[in-house]
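Biologist: Let us read a model together. Show me how you go from coordinates to features.

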Amino acid sequence: MSVQQQKQGVPLWAQILIWLSITGLLVLVGLGLIRAQRPMVSVGSLAPDFSLTLFDGYTLDGASSLKLSDLRGKVVVINFWASWCKPCEQEAATLEAAWRLYQPAGEVVFLGIAWTDTEPKSKAFLKRFGITYPNGPDLGTRISQLYNRNLGVPETYFIGRDGTIKHIQIGPFASVSQIQALIDRLLAE
Amino acid sequence: MLAELGFGVLVLTFFLTLYSFTAALYGEWKRSEAVVESARRAMLLTWPLLTLSALALIYLLVNNAYQVSFVYEVTSRSMPAYLKATALWGGQAGSLVFWAWLMSAFTSLVALRKWERDRELLPWVLVVAAFTLAFFLSLIVFFENPFLRYWQTAGGNVLRAVFQPANTLPFIPSDGRGLNPLLRHPGMVIHPPMLYLGFVSFVIPYAFAMAALITNRSDDRWIRLTRRWTLWAWLFLSLGLVLGGRWAYDVLGWGGYWAWDPVEIAAFMPWLTGTAFLHSVMIQEKRGMFKQWNMLLIILTYALVIFGTFLTRSGVLSSVHAFAQSAIGPMFFGFIALTSFFSVGLLIYRWGSLKADVEIKSLFSREALFLFNNLLFMSVLVVCFWGVLFPLLSELFTNQKVTVGPPFYERATAPLFAALMLLMGAAPLSAWGTASARTIGRALWKPALAALFVTAVLFFTYTRHPIALIGFFLIALVLFVTFYEFWRAARARTKAHAENILLAFWNLFGRNRRRYGGYVIHISMMLMAVGILGIELFQRETQGTLALQQSLVLGGYRLEYRDIARFPGPDSREVTRAVVDVYQGERYLGQLYPRIDYYPEAQQNMTIPGQRPTLRDDLYVLLVDWKPASSSGATFKVYVNPLVNWLWLGSLIFLAGILIAAWPERERSAEQ
């Protein structure tokens with residue numbers, strides 16, 4: 001820095017270091033850009049399959065893990081959330097209320113997927129909001145990478161009986177009726 | 001018709017900018033005064049032309065020209081006219097036009113300066129600015145054209161093109177898709193333009209810095225020329241950040257104002273380097289030091305501005321602010337690579353000639369404290385930069401996208417901000433050149449004692465939270481020091497000029513705007529810090545479903561659910577509004593009206609809180625859900641956000657401070 005006077009300009013080793021770090025940063029951002037350019041799942045495309053291991057205490061039809069393709073024939077609501085995400089708190093109670101409406105009939109499955117979160121914090125969040133629908137961690141962000149979500153949490157994907165994505169909700173739900181409207185449309189199809 | 005005109009003008013402007021760039025470069029090389037002059041005049045034409053193009057687009061927006069795809073994407077018939085007009089920056093293409101328009105306005109202002117005095121620098125400023133403008137215009141013309149229209153082929157396919165393709169008919173949707181309801185807020189009118197203004201105006205000091213490097217001028221002329229620019233740029237950027245916070249606080253429905261979202265950080269990073277720059281240029285002006293450092297800071301600021309724009313628009317990072325993915329990502333990437341290699345290379349080339357005139361003599365001198373201040377700002381920047389790049393890094397090495405959340409930023413930056421506050425307390429009391437621990441200690445012990453007293457009072461009356469107490473101590477210290485500085489200077493004036501104390505205060509601002517404006521900004525920052533401490537450490541919340549006449553209690557307030565009604569609102573909304581009585585103990589305080597607005601065409605709800613702001617706290621009530629049958633009640637979420645209104649009060653004072661500092665003063669009068 002300017003505090004030390006340098007008569008001769010920048011020494012060679014420093015120059016090499018500077019150029020290397022700038023190039024490194026650019027490579028990093030460039031690779032991120034290439035990844036971001038990959039096509040995103042969109043409404044109408046087949047929902048990529050994944051398996052999800054549920055948190056302790058959660059089951060679906062008695063099993064502690066599930067595969068999305070096994071749920072074909074049902075309407076699936078996949079909600080990506082994180083315990084550090086404020087809007088997720090806002091919608092947590094709403095999602096749970098909607099789940100309780102549909103759970104008895106067994107036609108609709110809600111899945112919560114905790115994204116880039118720690119297990120204790122995820123569990124505390126689920127307990128705090130009394131969430132009963134199946135929830136599991138997105139280990140290694142494998143699921144979110146399939147869906148190439150890059151708009152942040154919360155994000156919710158509505159999958160029709162035929163296994164295609166019918167609606168993508170970016171951001172939190174404000175009311176149960178909003179979720180109901182979306183699901184009822186899919187059930188009617 | 002208007003679409004063709006708008007597009008034609010854009011293309012013309014693009015070529016003019018290219019011409020201006022080439023001519024300025026060529027004219028400098030051949031030392032031809034006439035060619036440089038023609039470059040200058042070409043640049044002067046860009047602003048009226050872009051104004052025409054932007055007006056054409058606004059006209060299309062306001063008049064529901066849904067054949068134009070941009071208009072279709074961001075407006076709908078039910079939106080009020082002011083929102084239709086401001087939807088200009090509600091989508092990628094339009095916001096680029098707006099950006100280019102601002103950029104050409106600033107560059108034209110530079111071109112209108114008296115050239116004789118800075119004949120050496122100005123052509124190069126023009127070269128750099130014209131290059132940046134040409135880049136943005138090329139994005140619009142080739143990738144994100146807002147004037148594309150829909151055309152239908154005989155087969156029923158809909159195409160997008162500016163000019164009518166053969167065998168097609170115009171396709172005109174009957175209504176537009178409409179703006180995202182979150183953006184339908186008066187904040188939309190003012191928050192994005194402020195941020196863009198801030199971003200764009202930092203290009204000018206950068207262009208001057210580059211010109212100084214190219215012409216090998218190692219004096220501080222470029223800094224003196226851009227000093228006020230930089231202040232205005234900083235004003236706009238700061239306002240953009242604060243307004244964004246206020247908008248989020250009102251709209252997002254959880255009382256949050258800052259979420260450490262990557263895009264917020266992207267706007268915050270140039271603010272950090274810009275703030276460091278504003279401080280360190282004073283050292284170059286007064287002492288001839290930090291020349292290389294200042295160059296580095298302005299290059300960083302510019303690079304971060306472009307980088308921030310890139311992040312928002314390329315889909316590289318997750319964010320609520322993201323624009324839809326688009327093809328301009330790679331273009332931006334190339335531009336960033338080019339400008340950073342060029343500027344850093346130039347700086348390295350000229351490094352030796354930017355030596356300091358003097359050296360730092362004492363660790364407690366004002367220049368040393370300013371250096372610490374800069375290092376702290378840089379440390380905050382490193383934390384932010386790391387947090388933003390971390391997902392990319394982790395994806396590269398582990399194939400997992402791991403994001404760092406607000407706790408990371410809060411823990412990493414809080415001590416740095418505390419240290420900055422300590423410096424804010426100490427630096428105004430230190431002297432240029434030589435100062436020792438003893439002289440600073442002598443000046444500081446009285447305000448420190450007073451601040452300690454305040455902290456003790458707070459300990460017994462308000463809170464025992466250790467972090468809050470440390471925070472309040474630092475805030476009190478800075479406030480006491482700053483008031484003491486004002487008082488000392490004003491009293492000196494009353495003696496020297498026989499003025500009364502109020503007049504003396506007033507004249508202080510006239511005498512050294514930057515210094516005393518700066519102190520006002522320090523005061524406002526401390527008020528904002530009070531608000532941030534309050535909401536971060538003491539926010540309380542509860543949630544409950546209430547039947548009519550039932551109550552919810554939180555933080556000394558009691559809320560009683562009185563009524564609910566549903567009615568159509570403006571902008572084709574369906575409004576559901578609850579009425580809640582607020583009591584404190586048994587005292588009736590008034591009513592709040594939290595509501596839910598439903599936008600049918602976007603199928604989206606907006607939750608609008610009922611707020612009761614006081615300086616003690618902000619009562620913030622949300623209607624979360626309700627059932628049509630009144631018996632089953634409504635669900636409310638209630639927050640009590642202590643002290644948060646100091647944040648908004650502080651931002652008003654901040655505005656006053658920066659206006660004092662940036663207000664034009666008579667040339668040379670305040671140099672001393």
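Modeller: This is a predicted model. Start with chain B.

Biologist: Where is the kink in helix 9 of chain B centred?

Modeller: Compare the axis before a residue with the axis after it. In helix 9 of chain B, the kink is centred on Arg227(B) and is about 50°.

Biologist: How many residues of helix 9 of chain B are buried?

Modeller: Count neighbours: a residue is buried if 20 or more other C-beta atoms lie within 10 Å of its own. For helix 9 of chain B, 23 of the 31 residues are buried, leaving the helix mostly covered.

Biologist: Now helix 10 of chain B, residues 262-287. What length does it reach?

Modeller: Helix 10 of chain B has 26 residues and reaches 37 Å from first C-alpha to last, close to the expected 38 Å. Helix 10 of chain B is also mostly covered, with 20 of its 26 residues buried. Just after it comes Gly288(B), whose phi is positive, about 70°.

Biologist: On to strands. What order do the strands take in the open sheet of 3 strands in chain B?

Modeller: In a regular strand the side chains alternate between the two faces of the sheet. Here the order is 2-1-3, with antiparallel pairing. Strand 2 (158-161) and strand 3 (168-170) of chain B each have a single partner strand, so one side of each is left without a neighbour in the sheet. From one strand to the next, the twist averages 40°.

Biologist: How many bridges join strand 1 to strand 3 of chain B?

Modeller: Strand 1 (residues 149-153) and strand 3 of chain B run antiparallel and are joined by 3 bridges. Gln152(B) stands opposite Leu169(B) in strand 3.

Biologist: How many residues lie between strand 11 and strand 12 of chain B?

Modeller: These two strands form a hairpin, with 3 residues between them. Strand 11 (residues 610-613) pairs with strand 12 (residues 617-626) of chain B in the antiparallel sense, over 4 bridges. Gln611(B) stands opposite Tyr620(B) in strand 12.

Biologist: Last, the domains. Which domains does the assignment give for chain B?

Modeller: The assignment gives domain 1 (1-179), domain 2 (397-538) and domain 3 (540-647). The C-alpha centres of domain 2 and domain 3 of chain B lie 37 Å apart. Their contact takes 9 residues from domain 2 and 8 residues from domain 3 of chain B.

Terms used
Residues are numbered from 1 along each chain as its sequence is written. Chains are lettered from A and ligands numbered from 1 in the order in which they are written. This is a predicted model: local features need pLDDT of at least 70, side-chain atom pairs count only at pLDDT 80 or more; totals for chains, interfaces and linings use all residues. The bend at a residue is the angle between axes fitted to the seven residues ending there and the seven starting there. A residue is buried if 20 or more other C-beta atoms lie within 10 Å of its own, exposed if 12 or fewer, and partly exposed in between; C-beta atoms are placed from the backbone. Two strands pair if DSSP finds at least two bridges between them. Axes are lines fitted to C-alpha atoms, for helices over the stretch in contact, and angles run from 0 to 180 degrees between N-to-C directions. Domain bounds come from an automatic or database domain assignment. Two residues are in contact if their C-beta atoms, placed from the backbone, lie within 7 Å. The expected span of a helix is 1.5 Å times one less than its number of residues.
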